[in-house]
Amino acid sequence: MAIRIVKPGLSTTVQDLGRPGYYHIGIPISGGMDRFALSVANWLVGNPEDAAVLEATFLGPELEFTSDATVAVAGAELPPKVDGEPRETWTSFNVKKGQTLGFDFLKGGARAYIAVSGGIDVPVVLGSRSTYTLGALGGFQGRKLAAGDELALGAGAGAAEGRTVADKLRRLPGAPTELRMMPGLYWHRITEAAGRYFFEDAWKVAPEADRIGYRFRGGRPLEFVPREPPFGAGSDPSNIVDACYPYGSIQIPGGTEPIVLHRDAVSGGGYFMVGTVISADLDLIGQLQPHAGARFASVTMEQALAARHDRQRLLNEIRDTL
Amino acid sequence: MTSRYSYGGDEHIFVECDEAMSLDAFFKSLSITTAIRAAQIKGVTEICPANASFQVKFDPDIIKAEDLKREIQSIEQTVGAGQSLLATRIIEIPVLYNDPWTHETLMRFRDRHQTPDKTDIEYTAAINHLDGVEGFVKAHSGAPWFVSMVGFVAGLPFLYQMVDRPRQIQSPKYLRPRTDTPKLTIGHGGCFGCIYSVRGAGGYQMFGITPMPIYDPNQQIKYLRDFMCLFNPGDIVKWRPIERAEYDEIVADVDAGKFAPKMANVSFSLDAFQKDIDGTNAKLMEALHGH
């Protein structure tokens, strides 16, 4: 029971719901960038929500199956094909032994989650099958997939063909995307006017956007409150004494281009942060293509928690209908 | 030193013990995070000490942010100015200063550096008023360094030089970060040293390289079999300058599974250190060398 990688796509890695507990020594949580889509793809094929799947970025892989399996693709609109025959996204379908799963060009979003019944069976490292490429850890040999790789599958009963998620329950970013964030951390380092610009301005995803972090461009440069640099921080007004970076935290080196750290975050460093994108919206960032438009919106802890519960309710509703 | 609390979104509490770096701020961060770990608070998933701050990640479905904040604040009160006593270990790290690999890299990225006509060591020696490369190596390797944070990437230690402030080496980061740094480069930015655990981007000045891996995701290297990262916050490091022949020898020994880092368990008192820096460091060195 295995799948063979005929073509790897642009950047396809094995991911599950991540590897918490080691951030204090610089090993990030990793796991699917869009955890909502990852969980749904797993449920569609009868897997537990945290089974390992393939995360394909921008361009789909070509996969040859050595046994029968149920497959589902959720997240980005990356239309699947079995031996060239189109299949629906967000819907389970069967792939027979010897058949090839390929993909059409990306129609929306950025990352597709390809779940296979039984899950991708790579070794569990520090409690997870997720790939952390920067540290060459976990997943398939600690790296993105290459042609010729063979991935073992776990045992799974599979699921019926044609199980699907209603359109209104699928979660994808709008255009432009609103990213909700809680101001904080080192927000006090910028002037009041700069704080206003940050929310008023239209931002665009820069080409430097990956699993570590997403960079944004297009807003006005931020002005800093003058200060005497604290010992050890460095002379640039955007420097701090190297500190931990929360997942979703927004650092702005030099006050010009915000970077939102994501699942493979660098765990700390010397740049100030203006706040943190709320947990409910991290999935959406994973679906943004370069040049996609985005705005930041300020929310309170109460609003962040309400959004978190809305997301969970939506997930529960999908799980209960499947 | 009043700590500043801030929420990092709905899943993190961020606490800045002090804006400026000092051993006091680091000890405060380390002692509070150690106490939080011991308290085994339900819903807490990550406890990350940093140089002069720390961060706790939690599941807001299990514990409310304000409740956790209150618990941490009460722990901070109990711990107070900190246990100034630390049971830790000192580890000797051999360093080939001015090595060919970082030299090749620094030449490649000279247009991103402050001084196109000097190496990183020559530049750092000059701005710290040290007597050339030799004077720099002496100052850099003369006293031990604290691991004040582990992170950025897997297993990378940030190091704080255990001397009084006027003697601390300081240097700016590169004007623009490099896209490449050799694995196991000894770096420096601001007042912090580091060892790059993996190859990759970086902005710190590059002084040398160690033959001794500090991160092994495959856990094949003998001394990294129990855990893939060598360092923990609170460890003490002592650099030992080596020549090329010994560098090659250690690389071969690591490959053959014969190399074991020199280390010793020590107890460190911040009070004693602040009363007598050189005397405390001398005792640490005695412990390292088994006297």
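**Entry 1: helix α2 of chain B**

I looked up helix α2 of chain B, residues 65–79, in this predicted model. Helix α2 lies across β1, β2, β3 and β4 of chain B. Its direction is at about 150° to β1(B). Contact here means heavy atoms within 4.5 Å. Axes are lines fitted to C-alpha atoms, for helices over the stretch in contact, and angles run from 0 to 180 degrees between N-to-C directions. Helices (H or I, at least four residues) and strands (E, at least two) are DSSP runs, numbered from the N terminus.

I noted the ground rules. Residues are numbered from 1 along each chain as its sequence is written, and chains are lettered from A and ligands numbered from 1 in the order in which they are written. The model is predicted, so local features need pLDDT of at least 70, side-chain atom pairs count only at pLDDT 80 or more, and totals for chains, interfaces and linings use all residues, while side-chain values use heavy atoms, with hydrogens and water left out.

**Entry 2: the sheet of chain B**

Next I traced the strands. Chain B has an open sheet of 4 strands in the order β1-β2-β4-β3, with antiparallel pairing. Two strands pair if DSSP finds at least two bridges between them. β1 (4–8) and β3 (44–49) of chain B are at the edges; each has a single partner strand, so one side of each lacks a neighbour in the sheet. On average, neighbouring strands of this sheet are turned by 15° against each other, direction ignored.

I then checked one pair. β2 (residues 12–16) and β4 (residues 53–58) of chain B are joined by 5 bridges, in the antiparallel sense. E16(B) stands opposite S53(B) in β4(B).

**Entry 3: where chains A and B touch**

How many residues does each chain bring to the contact? Chain A gives 47 and chain B gives 53. The two chains bury about 4000 Å² between them, 61% of it on carbon and sulfur atoms. Buried area is the accessible area (1.4 Å probe) that two parts lose on being put together, summed over both. H24(A), I25(A) and F231(A) supply 19% of the area that chain A buries against chain B, more than any other three residues.

**Entry 4: a salt bridge between chains**

I counted 4 salt bridges between chain A and chain B. A salt bridge is a side-chain nitrogen of Lys or Arg within 4 Å of a carboxyl oxygen of Asp or Glu. Which residue of chain A meets D59(B)? R308(A) does, at 3.2 Å, N to O. R308(A) is in helix α4 of chain A, and D59(B) is in the loop between β4 and α2 of chain B.
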